[in-house]
Amino acid sequence: FWQAFSEDGRWWREIRPSPIAASSSPGQLRRLRSGRLLLAWNRFGPANGSKPVLRGGDGILCDTPASWMRDELSVAFSENDGATWTPPVVIASQKDAWLSYPRILEVKPGLVWITTMQGKVRLQFREKDLLHRG
């Protein structure tokens, strides 16, 4: 992931790599009604610390080798507009599956649904139940 911050909401300066390690699959960021940010994404490697398999670097898939780790879907929260994040919590895991391209919907305050385009994840959780896990 990359990050940039805006002082006026119009101009973005200092675009740089984010400290959040991610695979090549896109995540989704949503501001919840509590004011917290919720990020759902595929991390760079598995939660158990093993190395991810890198693919690409051939100019076809991508120019440089990248993690295609999609076996796990994680979430994290930020209470300070993304400056810091809670430890990631794995919310779905299936070996050799693609649990990716998440979509976040807060159906009512504190009640979150997450689905994925790949992997058919359909889950519900309460913000308070995952906020301090990890």
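Q: How many bridges join S9 to strand S10?
A: This is a predicted model, in which local features need pLDDT of at least 70, side-chain atom pairs count only at pLDDT 80 or more, and totals for chains, interfaces and linings use all residues. Residues are numbered from 1 along each chain as its sequence is written, and side-chain values use heavy atoms, with hydrogens and water left out. Strands are DSSP runs (E, at least two residues) numbered from the N terminus, and two of them pair if DSSP finds at least two bridges between them. S9 and strand S10 (residues 111-118) run antiparallel, and the number of bridges joining them is seven.

Q: Which residue in S10 stands opposite arginine 103?
A: S10 covers residues 111-118 and is joined to S9. Opposite arginine 103 stands threonine 115.

Q: Is serine 67 buried or exposed?
A: Serine 67 is found in strand S6 (residues 65-67). Buried means under 20% relative accessible area, exposed over 50%, and partly exposed in between (1.4 Å probe, protein chains only). Because its relative accessible area is 2%, serine 67 is buried.

Q: Which backbone nitrogen does the side chain of serine 67 reach?
A: Serine 67 is in contact (heavy atoms within 4.5 Å) with residues including Arg43 and Phe44, leaving aside neighbours within four places in sequence. At 3.2 Å, its side chain reaches the backbone nitrogen of methionine 69.

Conventions:
Helices (H or I, at least four residues) and strands (E, at least two) are DSSP runs, numbered from the N terminus. A polar contact is a pair of N or O atoms within 3.5 Å; within protein, one must be able to donate a hydrogen and the other to accept it, and residues adjacent in sequence count only if both atoms are side-chain atoms.
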